[in-house]
Amino acid sequence: MAIRQRTWRNVDGERIEGTWRHAFIRNGGNYFLTDLLIYADGMVDCWGLETLEGFAGKLASGWVATDLPEGAKASAHHLASWKFAEPKSWLTPEMLLGEVRDDIDNLNGRPDSTRRCLAAVDAFRQQPTEVNRTAVREAYEAIPGHLRRYALGDMDRKDFPLRVIVNGPGNQIELWNGKTVDVTEEMHASALEYFAEREQLRKQHETKSPADGPTEPVESSIHLNQVVFPRGWPENPGTHVLRNEFPAPIVMGSRTYPTVAHAHWALAVADEHRQAEVLSAERPYDAQKLAENSTLRDDWPQVRVAVMARLLRAKFQQHPEFAETLMATGATRLIYTEVGSSFWGQRGLEGQNWMGRLLELTRSELVAAELDILQ
């Protein structure tokens, strides 16, 4: 059971999701450690794209190798080369093919062999007929042999309850010590009870709410779009007051900044005289253009988030009416649009939305202060 990593390939502009794992390719009598790439459309790249049927043929021929002979030469390209000494391979071709089939199912959001087997058990519990038991047995045998013991995720019992259901009363099953035991009616009833308890626990888990509240915000996200008002800001600006360019003067030290945007760009500039020009710019847009044509502080990439966090705290502490607007957004996600900056803003799927994150942090601090829960 290998550790999987995600990958993808593009086909006619469409992203085909995939996963990869290590494997050996036998070529010219030598063995090469490489990446076996498995894709959601059923294609497998083993030094060339193959269908699942073609991949099975590569396994059968030994091109994709699971048998590693003593003394054979092997290498990992540009990394190392060696000879096998007392090699031990954990997989047969059938096991590896079963894992790849499961990978393709998982990539497509379909039940893999283990989940299909557990679904067959549920059907048997509802109607315990021999026809349904046969379906469980076939589904169990379709799980790659080395993965069957993990099917229940129970490292104490492993797949023992499952094998009891598969074989049924009056038949024998093999224990892990190699001994066999007859399946009794009591053992069978106990296995059915085991699966009933699993189902109950699963339902409890699905309906259980996290102790600290929902993982995602309950409300829809709010987009704080970058909008230009040629005739000035509207009389009732709503959430536009949360924008950095909204006229909300803030006092920091001995200076008064017309907007958070003015403060941000002034503090980013290295030269003090240039800072004054940025501060006196007529519009936030003009302040930004002056800063873009100036030399910024050497440490600006390291300090900009901390500076912005402090500016936002000042803005909403000095303008309580805007703080009310921010807190009224509840616990929803705030998505800030910032043209030209994928760091501060987000547009579509692109951007880190640091402004939105900092506004959410500031909102949390304001709520905490109002509730007085940190005193």
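Contact here means heavy atoms within 4.5 Å.

**Ground rules.** I am reading a predicted model, where local features need pLDDT of at least 70, side-chain atom pairs count only at pLDDT 80 or more, and totals for chains, interfaces and linings use all residues. Residues are numbered from 1 along each chain as its sequence is written, and side-chain values use heavy atoms, with hydrogens and water left out.

**Entry 1: Asn 132.** I looked up Asn 132 and found it in helix H4. Helices (H or I, at least four residues) and strands (E, at least two) are DSSP runs, numbered from the N terminus. Setting aside neighbours within four places in sequence, I listed Ala 123, Phe 124 and Gln 127 as contacts of Asn 132. Its relative accessibility is 18%, so Asn 132 counts as buried. Buried means under 20% relative accessible area, exposed over 50%, and partly exposed in between (1.4 Å probe, protein chains only).

**Entry 2: Pro 144.** Next I went to the loop between helix H4 (130-142) and helix H5 (160-167), where Pro 144 sits. Is Pro 144 buried or exposed? Pro 144 is buried, at 5% relative accessibility. Beyond neighbours within four places in sequence, Pro 144 is in contact with Met 95, Gly 98, Glu 99, Asp 102 and Ser 113. I also noted Leu 91: it is 53 residues from Pro 144 along the chain, yet their C-alpha atoms are separated by 9.7 Å.

**Entry 3: two record spans.** I checked UniProt, whose unreviewed entry gives "domain: DUF7638" for residues 6-111. That span is 24% helix and 42% strand, and its end C-alpha atoms lie 18 Å apart. Over residues 247-366 I read 55% helix and 8% strand, with end C-alpha atoms 21 Å apart. A reminder to myself: UniProt positions are in the numbering used here, feature names are shortened, and annotations may be inferred rather than shown by experiment.

**Entry 4: H7 and H9.** How do helix H7 (residues 260-268) and helix H9 (residues 284-292) pack? Their axes are 9 Å apart, at an angle of about 10 degrees. Axes are lines fitted to C-alpha atoms, for helices over the stretch in contact, and angles run from 0 to 180 degrees between N-to-C directions. H7 and H9 are therefore roughly parallel, the word used for angles under 35 degrees. From H7, Ala 261, His 262 and Trp 265 meet Pro 284, Ala 287, Gln 288 and Ala 291 of H9.

Tyr 285 is also in helix H9. With a relative accessible area of 49%, Tyr 285 is partly exposed. The C-alpha atoms of Tyr 285 and Glu 245 are 8.3 Å apart, although 40 residues separate the two along the chain.

**Entry 5: the cores.** A nonpolar core is a set of buried Ala, Val, Leu, Ile, Met, Phe, Trp, Tyr and Cys residues joined through side-chain atoms within 4.5 Å. The largest one has 36 residues, and Phe 316 and Leu 359 have the most contacts inside it. Helix H10 gives the largest share of this core, six residues. Apart from neighbours within four places in sequence, Phe 316 is in contact with residues including Leu 242, Phe 322, Leu 359 and Leu 366. I found a second, separate core of 21 residues, with Ala 120, Phe 124, Leu 162 and Ile 173 among them.

Terms used
Parallel < 35°, antiparallel > 145°, perpendicular 65-115°, else oblique.
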